[in-house]
Amino acid sequence: MKLHGELRQFILDNYLLTRDDSSLGDSDSLTGRGILDSTGALELVMHLEERYGIKVLDDELHPDNLDSVEKIAAFVERKRA
Amino acid sequence: MALSWSVLELDPQAEADRICEGLRDSVARLLRKRGLVVAISGGVDSGVCAALAVRALGPERVLGLILPERESSAQSAERARSLVAQLGIESVEQDITPVLEALGCYRWRDEAVKRVLPGYGPGWRMKIALAGGLEGRINHFRLIAQAADGDSREVRLGLREYLEIVAATSFKQRVRKTLEYFHADRLNYAVVGTPNRLEYDQGFFVKNGDGAADIKPIAHLYKSQVYTLGAHLGLPAGIATALPTTDTYSLPQGQDELYFALPFREMDLALWALSHGIPAGQLAEALGTTEERARNIYRDIRAKRNATEYLHRRALLLGAVREVESVG
């Protein structure tokens, strides 16, 4: 759950510019809510690569991996396993 | 009912008459200007706009600008000159390379390219291309570079380099627009913006660059309709059939490669179909592709609309100024 919290905080701080934890649910669709566009996705990838030491491959730039806090956390855990 | 390509058919005579009437009325009554400035790139969109402006106001009230730089194609400028001659309008040609050099356009861009491709340097040519959307992935940009000896490289761009390359390259559109407004101001003319519907809808323009204008006479027309109009208006052959290129990067590049992901005719039909609530299955049938790919096309169009929505916004005010709110 620490990873979920970190990722949610990153999105709250950098995309929603808020400290209100209730404004983002872990399963909320980031593209569906208009939070993540293609530039935002690149920013997220850069953060994941720098913070968690993973390399995101071209084929992994997919909504299944990046479209919610839950999906990002699961993706990072898979990559680190 | 099957989706037909005929939805894109246009009566060019009626449409040209309608646009010309709109141009005359807008320039005189709404903009209160005496003529129009059109930057002529050598492509069909600006060619059609210039020809319509001449038809609407007469050649003596239209100024054509030809604004090449060291990476734009020499054939583009040549085609632009041929159109100026055919239309019989006054024109000004200015190479904007020194301005771009002074602003650091090439330097900023090349430094960003070198960070992702350390061997890049003099003699190399480059472009960027969008990838991912039609495969259902998230759109991202790739850098394609070619050395003088033909050695070619392709890498995915990270956030910082992507943003810096685009920001530096956008100097080109913004410098051109600065010159268009200089000439418009000195003549008391208005500036014509030349986007077609694909570019306008999908946000394929630079804010305060080619996106800035006083009037955009063909922004409602699909690209294939612009070609229809170009043929009707009798544009020189090289312009009437010019394929949509960006003419922005040092390697040759089609607009579909940089941004749209589909050739323009298919893109026209997809945009029409999505805007008219046509199910993805019918689009797939018309394009001869799979329903999954058609769904990805729709998703990609929506994603680009969403990502570029802010380009269409005027500056936001945080308090009402009702006295000027009604100005369109």
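The model is predicted, with local features needing pLDDT of at least 70, side-chain atom pairs counting only at pLDDT 80 or more, and totals for chains, interfaces and linings using all residues. Residues are numbered from 1 along each chain as its sequence is written, while chains are lettered from A and ligands numbered from 1 in the order in which they are written.

User: What confidence does the predictor give chain B and the complex?
Analyst: pLDDT is the predictor's confidence in each residue, from 0 to 100. Chain B averages 94, and 100% of its residues score at least 70. For the complex, the ipTM is 0.89 and the pTM is 0.93.

User: Why does the radius of gyration of chain B agree with that of a compact globule?
Analyst: The radius is taken over C-alpha atoms, and the globule rule is 2.2 Å times the number of residues to the power 0.38. For 328 residues the rule gives a value near 20 Å; chain B has 20 Å, and therefore agrees. Along the principal axes, the C-alpha atoms of chain B fill a box of roughly 55 × 50 × 50 Å.

User: What makes a residue of chain B count as buried, and what percentage does so?
Analyst: A buried residue has 20 or more other C-beta atoms within 10 Å of its own, the C-beta atoms being placed from the backbone; an exposed one has 12 or fewer, and a partly exposed one falls in between. Buried residues make up 41% of the 328 in chain B.

User: How many helices and strands does chain B have, and by what rule?
Analyst: Both are DSSP runs numbered from the N terminus: helices are H or I with at least four residues, strands E with at least two. Chain B has 15 helices and 7 strands.

User: Which strands form the open sheet, and why are β3(B) and β7(B) at its edges?
Analyst: Strands pair if DSSP finds at least two bridges between them. The order is β3-β2-β1-β7 in chain B, with parallel pairing. β3 (90-93) and β7 (190-191) of chain B each have a single partner strand, so one side of each lacks a neighbour in the sheet. β2 (62-66) of chain B pairs with β3(B) over 4 bridges; B:E90 is the bridge partner of B:L63.

User: Which residues make up the contact between chains A and B?
Analyst: Residues are in contact if their C-beta atoms, placed from the backbone, lie within 7 Å. Chain A gives 13 residues and chain B gives 13. On the chain A side, α2(A) supplies the largest share, 6 residues.

Key: Contact = placed C-beta atoms within 7 Å.
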